[in-house]
Amino acid sequence: MDQSTASGGQTVGPGLALPSKLIKIVGVLTSLLLTFIGLTAITFVIGRVMPADPVLAIVGDRASQEVYDQVFLQLGLDKPIYVQYFRYLSQLVEGDLGTSIMTAQPVAEDILRFFPATLELATIATLLGIFVGIPMGVLAAVHQGRWQDHIVRVIGLIGYSAPIFWLGMVALLIFYAKLDWVAGPGRLDVFYDGIVEPVTGVLLIDAALSRDWEIFHNALSHLILPASILGTFALAYIARMTRSFMLDQLSQEYILTARVKGIPEWNVIWNHAFRNVLVQLITIIGLTYASLLEGSVLTETVFSWPGIGQYITNSLFNNDMNAVLGGTIVVGVCFVGINMLSDLLYRLVDPRVR
Amino acid sequence: MAAEQTLRGWLLAEIPESKLQARCQRIFISWLAFIRNPVAVIGLLIIVGLVGIAALAPWITSSDGLEPDLANRLLPPSSEHWFGTDGLGRDIFDRIIWGSRITLYIVALVSVIVVPIGLLIGTVAGYIGGLVDTILMRLTDIFLAFPRLILAMALVAALGPGLENAVLAIALTTWSPFARIARAEALTIRNSEFILAAQVQGVSTIGILTRHVTPLCLSSVIVRLTLDMAGIILTAAGLGFLGLGAQPPTPEWGAMISLGRQFLIDQWWVPTVPGIAILVVSLGFNLLGDGLRDVFDPKSGG
Amino acid sequence: MENSNLSEPPLLSVEDLHVSYDTPTGLVRAVSGVSFELGREKLGIVGESGSGKSQTGRAILGLIAPGGQVRARRLEFEGTDLLTADLRTMRRIRGGGISMIMQDPKYSLNPVMTVGSQIQEAFRVHSKASRKEARARTLDMLRAVKIREPERVYKSYPHEVSGGMGQRIMIAMMMIPEPDIIIADEPTSALDVTVQLQVLAVLEDMIRTRGMGLIFISHDLNLIASFCDRILVMYGGKVVEQIRAVDLAQAKHPYTRGLLNCLPSLDGGQDELPVLKRDPAWLASPGTTP
């Protein structure tokens, strides 16, 4: 897909030489733009496909013909499709995601309120996936075929074969209902609601900032179970990919070279093989984080976690199309953004690509 | 037995004498490689089991799992109700068995939509190349860029809940990887000499695509399909859990978990058992997919 | 047993070496009873793919792939029994006593480490040198293998250097801990002919000045004949002939003769190049022992 030339520049037009780096950047930006247009086109089409009448949704079904016509013109529904799409796009670029039917607030504001909760979950889950999943994957690769490998593979298999919402429910049953080790659904006990100053929206950070350790502890207690569930999913994937990458590297010639040099085995594994895997893991971690944003939809429902997943789900049940589409676009943009970021990082870190 | 010997001999002969024999030989050798992996065989058994109980449903169940029986609500597992009864008194075992048909329906329907679309777009893009390739791949990338469940939710929101709409939504969000795989294979193949030979013989582009390129892409696509199937089932279950898939009283496993959620603490079997069913089937596809990939494309994994 | 250095004991003694692999389709014998001794000389092992020549080299270093088994009546390096040596001893010997150069620097050098850090590493594993010392030594080695801008090459990555330079880097890396024996496994097979000669010249220079022993593994009989002192011809995991390079024309084993006959000569005199006819008896016989 990359249409830029190899090293060296490229002449464009009458003797105008452009450095290849610039061309690459322009290429990436164009790609981003096209994807964004594609995303919005899809959501726009979905919005038009719905059988519900958008005018009726706003004015109600007892409005007079005059009011109906007025709102019809206001929404620009009399204009041809591509004009409507253009209008839609320009609104999006300004950050106007429409108004929520449910809350009568701008969708963009609502999303901003709910997003940090999801970010909190996804981040902690990804960290879990990284710090537990990677060592597991390396362990399995180094001991390929033996019991360590089998255990890691089984855990991984269960991790991504189990329906995440079911896993969440079972975990709630065991760790909350039966063992009482963690707090229940929700982000905070109702008792503590609204006490902490919402600086970032991330409860842990906010509580730490106001040095309210009781609330911090409570927030943590609520966070730990859903984060672990999402984290299990993350670590299953990361462990599996790490194992696969490590096995691939360990069979390479340069590993033999390292051993011939007399380097101790742990050094060969971590300093030589793993360093080559690190680069590929960046992409994997990016993918994981992005898919956790999505996986949190179901987890948030189970744990009554007020994040963007809950928001989209509730909007869906209330036929609030603006909110649903707005949420979809935001998550979609994040998805694309994260993937693009990890791709960029990959190019920066891998000396072969530079 | 003499008859067995000649069949095995026919399958292992050095030089096949007909196209049919060659094809059977290839399948047989792949099968031998496949069964060397015990875990993959377990996956195959699970899927075969799934098909089996779906087919035998009328004979192994005692009811159709749809009629409420309020006198027998929320009974724990017993010899009469192996998995207990749910909030409306329906036998959970029966509902699970009937639900397997729905799972298979989803699997089949999604495959039937996704594979042809993916193959079509992928092979055309890879073989023809140029602008067509760029446009088609842009389209593929856009769908790939979308988070699967959320896009499916948006689609179902627009189309309305229901099993077929959920299947359509899932299909629209999962065809992209197959197009990419088919394209990659087509790119590799299109410069081969036998393609050149076919072109020289005057075979049309469509002919080349259907008779030469597509069959070669098929095995990679099928391996990937099996590997993705678990994800598809989980997405379908997720949609069902959110109430966006099959509507009650249909015994779709995800929906069963959602309905049973309120009984989680005291009658744990109601939401837990359908989840185990989903887990087992998903596991089966993952194991089968891993096994197939080890046979057909051992370089790409551990 | 012909050994050019009868005055001192051999560096390496190999007696009845066997390397076999347990595969799903049965036991594969890669090396079946190879014996030879190596002094401070250049020994060539020539054979085709599958003859077991590379496996012999790996077996000496104890770096056979998992699933393989090494057996021998004797496998000794400078008095140390390589079969029973513990891991720490083996790690000391690897690099510090016996080293190995591999075929293709594209694959045998770590792609994400700079050239300098890789060479430095080889030095610091076997000495307690500081980073500054190691860097200085590395630059010296790079100069010794005739690399003209050692500072620049030090900072570069393996994919940024040519094949010939990569092999010289490999030589530098494997020589820096000052081993007594170097095993070169097809060191020039991945290089252009002109570059081959340069690399070989560097290799020979280092071996001569340090008085090392060399095991040169190749499929190229001509190359080995011109480069080495003694030749081991391997076929089917066995040694079928041991001969001095100067005596090669008088080789007795039909396989060696067959190889010699296959080589085209510049003087012409052949209408058709003969094709080697393999005699299954060569596989059945036990092979020569010194």
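Student: How many residues of domain 1 of chain A are in contact with domain 2 of chain A?

Tutor: In this predicted model, 10 residues of domain 1 of chain A are in contact with 8 residues of domain 2 of chain A.

Student: Which helix gives the most to the domain 1 side?

Tutor: Helix H1 of chain A, residues 20–49, gives the most to the side of domain 1 that touches domain 2, with 7 residues.

Student: And what is that side made of, by class?

Tutor: The side of domain 1 of chain A that touches domain 2 of chain A has 6 nonpolar and 4 polar residues, and no charged residues.

Student: What does chain A consist of in terms of helices and strands?

Tutor: Chain A has 13 helices and 2 strands. Its C-alpha atoms fill a box of roughly 85 × 75 × 40 Å along the principal axes. Of the 354 residues of chain A, 41% count as buried. Among the contacts in chain A with a separation of 6 or more, 68% are between residues 24 or more positions apart.

Student: Turning to the partner chain, how many residues of chain A are in contact with chain B?

Tutor: There, 41 residues of chain A are in contact with 39 residues of chain B.

Student: Which helices of chain A supply at least two residues each to that side?

Tutor: They are H1, H6 (147–161), H7 (164–178), H9 (213–250), H11 (265–303), H12 (308–317) and H13 (321–349) of chain A. By class, the side of chain A that touches chain B divides into 30 nonpolar, 9 polar and 2 charged residues.

Student: Is B:Gln21 buried, exposed or partly exposed, and why?

Tutor: B:Gln21 counts as partly exposed because it has 14 C-beta neighbours inside 10 Å. Leaving aside its neighbours within four places in sequence, B:Gln21 is in contact with B:Trp10 and B:Pro16.

Student: How far is B:Gln21 from B:Thr188?

Tutor: The C-alpha atoms of B:Gln21 and B:Thr188 are separated by 27 Å, and the two residues are 167 residues apart along the chain.

Student: On to chain C, then. What is its secondary structure?

Tutor: Chain C comes to 11 helices and 11 strands. The radius of gyration of chain C is 20 Å, close to the 19 Å that the globule rule gives for 290 residues, so chain C is as compact as a globular protein of that length.

Student: What box do the C-alpha atoms of chain C fill?

Tutor: The box is roughly 60 × 50 × 45 Å, taken along the principal axes. Of the 290 residues of chain C, 42% count as buried. In chain C, residues 24 or more positions apart account for 68% of the contacts with a separation of 6 or more.

Student: How do H4 and H7 of chain C pack?

Tutor: Helix H4 (residues 115–125) and helix H7 (residues 163–175) of chain C pack at an angle of about 25°, with their axes 7 Å apart. That angle makes H4(C) roughly parallel to H7(C).

Student: Which residues make the contact?

Tutor: H4(C) contributes C:Val115, C:Gln118, C:Ile119 and C:Ala122, while H7(C) contributes C:Ile169, C:Ala172 and C:Met173. By class, this contact of H4(C) with H7(C) has 6 nonpolar residues, 1 polar residue and no charged residues.

Student: What about the phi of C:Lys146 and C:Glu186?

Tutor: C:Lys146 has a positive phi of about 65° although it is not a glycine, and C:Glu186, also not a glycine, has a positive phi of about 50°. Most residues other than glycine have a negative phi.

Student: Where do those two lie?

Tutor: C:Lys146 is in the loop between helix H5 (131–144) and helix H6 (150–155) of chain C. C:Glu186 lies in the loop between strand E8 (181–185) and helix H8 (193–210) of chain C.

Student: How many C-beta neighbours does each have?

Tutor: C:Lys146 has 14 C-beta neighbours inside 10 Å and so counts as partly exposed. C:Glu186 is partly exposed, with 19 other C-beta atoms within 10 Å; the cut-off for a buried residue is 20 or more.

Note on methods
Residues numbered from 1 in each chain as written. Chains lettered and ligands numbered in written order. Predicted model: local features only at pLDDT ≥ 70, side-chain atom pairs only at ≥ 80, totals over all residues. Contact = placed C-beta atoms within 7 Å. Helix = DSSP H or I, 4+ residues; strand = E, 2+ residues; numbered from the N terminus. Nonpolar A, V, L, I, M, F, W, Y, C, P; charged D, E, K, R; others polar. Rg over C-alpha atoms; globule rule 2.2 N^0.38 Å. Buried ≥ 20, exposed ≤ 12 C-beta atoms within 10 Å, placed from the backbone. Axes fitted to C-alpha atoms, helices over the stretch in contact; angles between N-to-C directions. Parallel < 35°, antiparallel > 145°, perpendicular 65-115°, else oblique.
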